[in-house]
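Q: Please take a close look at one part of this structure and walk me through it. Start with the pairing, then cover the packing and the charged contacts.

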Amino acid sequence: MDQLNRDLNMKSIKAVEPKSRFALLALIALTFLSFSTFAQAKSARQIDIEVDAALKSFTLNVSGGQQFLNSARGVLVFPSVLKGGFVVGGEYGEGALLVGGKTVDYYNTASASIGFQLGAQAKTIIMVFMDDYALHKFRASDGWEAGVDGSVALVEWGAAKNLSTTKVQDPIIGFVFNNKGLMYNLTVEGSKFSKIRR
């Protein structure tokens, strides 16, 4: 998973003692291998089923969610982005880009981090493209990175109570939620989104 390498904080790796550096890099490789195994497990049909379920959950649990979907030029849905690790952490998920309510491409998202982290978490990410230019730029990219190739305005927990497309004018709106609803104090900055074949 080459796209994860660009997301690593290389300064943190260089600061490690030379003898420990090999062990750290081996740990990173093991983390990436676990995510690549997960990546190869899903078919296009399975992704489509999970995307449909995620969109239903989104419209039921996020006030104004259906209005965003109706106004969108495109919707990128990752039903389950898994985060795991101990010292080296990573996130990986697969999803689909919908235009006019139909799947046009499949994508994965990946990021990595170094620092203390424990356990595994799953979340759903939905990115709504509100204008044609943002959608075109995303689709034309050979690996789009949030915060570098474009900004994603995240809607956080609590803000969705008064949410409407007339109040949010950003070209790309992001929603991150789990089974308890919208999550807060999160970012997708540094996450990379790449087209995959399914």
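A: Strand β5 (residues 144-145) and β9 run antiparallel, joined by 2 bridges. Two strands count as paired when DSSP finds at least two bridges between them. Helices (H or I, at least four residues) and strands (E, at least two) are DSSP runs, numbered from the N terminus. Across the pair, tryptophan 144 stands opposite phenylalanine 193 in β9. Buried means under 20% relative accessible area, exposed over 50%, and partly exposed in between (1.4 Å probe, protein chains only).

This is a predicted model: local features need pLDDT of at least 70, side-chain atom pairs count only at pLDDT 80 or more, and totals for chains, interfaces and linings use all residues. Residues are numbered from 1 along each chain as its sequence is written, and side-chain values use heavy atoms, with hydrogens and water left out.

Now the packing. The largest nonpolar core has 24 residues, and Leu55, Val77, Ile126 and Phe175 touch the most other members. Such a core is a set of buried Ala, Val, Leu, Ile, Met, Phe, Trp, Tyr and Cys residues joined through side-chain atoms within 4.5 Å. Elements supplying at least two residues each include α4 (44-61), β1 (74-85) and β4 (121-129). The largest share, 6 residues, comes from α4. Beyond its neighbours within four places in sequence, valine 77 contacts several residues, among them Leu55, Leu98 and Ile126. Contact here means heavy atoms within 4.5 Å. A second, separate core of 18 residues includes Leu97, Tyr107, Ala146 and Ile172.

Next, the charges. The whole structure holds 6 salt bridges. Each is a side-chain nitrogen of Lys or Arg within 4 Å of a carboxyl oxygen of Asp or Glu. Glutamate 91 meets lysine 123 at 3.0 Å, N to O. Glutamate 91 lies in strand β2 and lysine 123 in strand β4, so this pair ties together parts 32 residues apart in sequence. Glutamate 91 is buried at 12% relative accessibility. Lysine 123 is buried too, at 11%.

Arginine 198 meets glutamate 94 at 2.6 Å, N to O. Arginine 198 sits in the segment after β9 and glutamate 94 in strand β2, 104 residues apart. Arginine 198 is partly exposed at 41% relative accessibility, whereas glutamate 94 is buried at 1%.
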